[in-house]
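Thanks for making the time this morning; I would like to walk through one model with you, from the overall picture down to a few side chains. Please have the sequence and the structure open while I talk.

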Amino acid sequence: MSCAIPASDPRDSTWQPDPARRHVALPEYGGGIAFPSVVALPDEHGGGIAFPHPAYRALYDLPTSPEVLFEEEAHRKGLTWGEDLTLCTGVGYLTGAAAGAVAGLRRAAVEAERGEPLKLRANRVLNSCGSVGRAYGNRLGVVAMLFSATKSGVSACRSGADDWINTAVAGVGTGALYRLPGGPRSAIVGGIVGGLLSGATVVAGRPVLGKFAPNLGI
């Protein structure tokens, strides 16, 4: 049951409030307390709130669209280099940690001895999952950080272009940089592997990511 607003003006001396509804006197912008309009509050029947006066509607009916601080942010598409770096590094570390925890659990199950106490088994599982998960997470986090930084650098060199070329070049650069401590030959092999993986990601994963995560710019 919705609350109806009285048609007569409450400032009229002939108007009397309806005892079945509650009415609130709101301040007027001209100073003092006046009754420019009546706001019907919800009653026991579930009635809604009405704002008949345009000033109160503009005050309480707030927009639901995203607000930006600078005008150029409204026209920006995709993530900034800092946001992309944080996102890729965090997702890479969490993915590696989860995969390492699964590998550590499998290792603990293989190393378990017959007849050992439950507390010892639980301790082995926790230690194995923690050590392997931490190692995998660090490695994949570093790879994701190198990929994001290389991709942002390539995009800056290409005057802000954001397409599959950035992803492919970033894959080659990431593989080469990650394997560079092992020597030039290892860096070349890492670059080839990184290029193949990034190319496969562009071909296979780009349609899916473009549908569910269009702001990633992969």
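**Overall picture**

Of the 218 residues of the protein, 23% count as buried, where buried means under 20% relative accessible area, exposed means over 50%, and partly exposed is what lies in between, with a 1.4 Å probe and protein chains only. This is a predicted model, in which local features need pLDDT of at least 70 and side-chain atom pairs count only at pLDDT 80 or more, while totals for chains, interfaces and linings use all residues. Residues are numbered from 1 along each chain as its sequence is written, and side-chain values use heavy atoms, with hydrogens and water left out.

The protein has six helices and two strands, and from the N terminus on the elements run β-β-α-α-α-α-α-α; these are DSSP runs, numbered from the N terminus, with helices being H or I of at least four residues and strands being E of at least two. The protein exposes about 15,000 Å², of which carbon and sulfur atoms supply 64%, the areas coming from the Shrake-Rupley method with a 1.4 Å probe and, for residues, only the protein chains shown counting as cover. If we take contacts between residues at least 6 apart in sequence, 51% of them join residues at least 24 apart, a contact being heavy atoms within 4.5 Å.

Let me start with helix α3, residues 81-111. How far apart are its end C-alpha atoms? They are 44 Å apart, which agrees with the 45 Å that its 31 residues should span at 1.5 Å a residue, the expected span being 1.5 Å times one less than the number of residues. The buried residues of α3 are Asp 84, Gly 92, Gly 96, Gly 100, Gly 104 and Ala 108, and they pack against α4, residues 118-157. As background, an α-helix has 3.6 residues a turn, so residues three or four places apart point the same way.

Val 91 also lies in α3, but Val 91 is partly exposed, at a relative accessible area of 45%. Together with Leu 79 and Leu 87, Val 91 forms a nonpolar patch on the surface, with about 220 Å² of accessible area. Patches here are made of residues with over 30% relative accessible area and no salt bridge, like charges being joined within 9 Å and nonpolar side chains (Val, Leu, Ile, Met, Phe, Trp, Tyr) within 5 Å.

In helix α4 we find Ser 155, which counts as buried because its relative accessibility is 16%. Leaving aside neighbours within four places in sequence, Ser 155 is in contact with Gly 160, Ala 161 and Asn 166. Asn 166 is also one of the buried residues of α5, along with Thr 167, Ala 170, Gly 171, Gly 173, Thr 174 and Gly 175. Helix α5, residues 164-178, reaches 21 Å from its first C-alpha to its last, close to the 21 Å expected for its 15 residues.

**Salt bridges**

How many salt bridges does a search of the whole structure find? There are three, with a salt bridge defined as a side-chain nitrogen of Lys or Arg within 4 Å of a carboxyl oxygen of Asp or Glu. Glu 116, Arg 121 and Arg 124 are linked in a network, in which the closest N and O atoms are 3.5 Å apart for Glu 116 with Arg 121, and 2.7 Å apart for Arg 124 with Glu 116. Glu 116 is buried at 11%, whereas Arg 121 is partly exposed at 36%. Arg 158 and Asp 163 also meet in a salt bridge, at 2.7 Å from N to O; Arg 158 counts as partly exposed at 30%, and Asp 163 counts as partly exposed at 22%.
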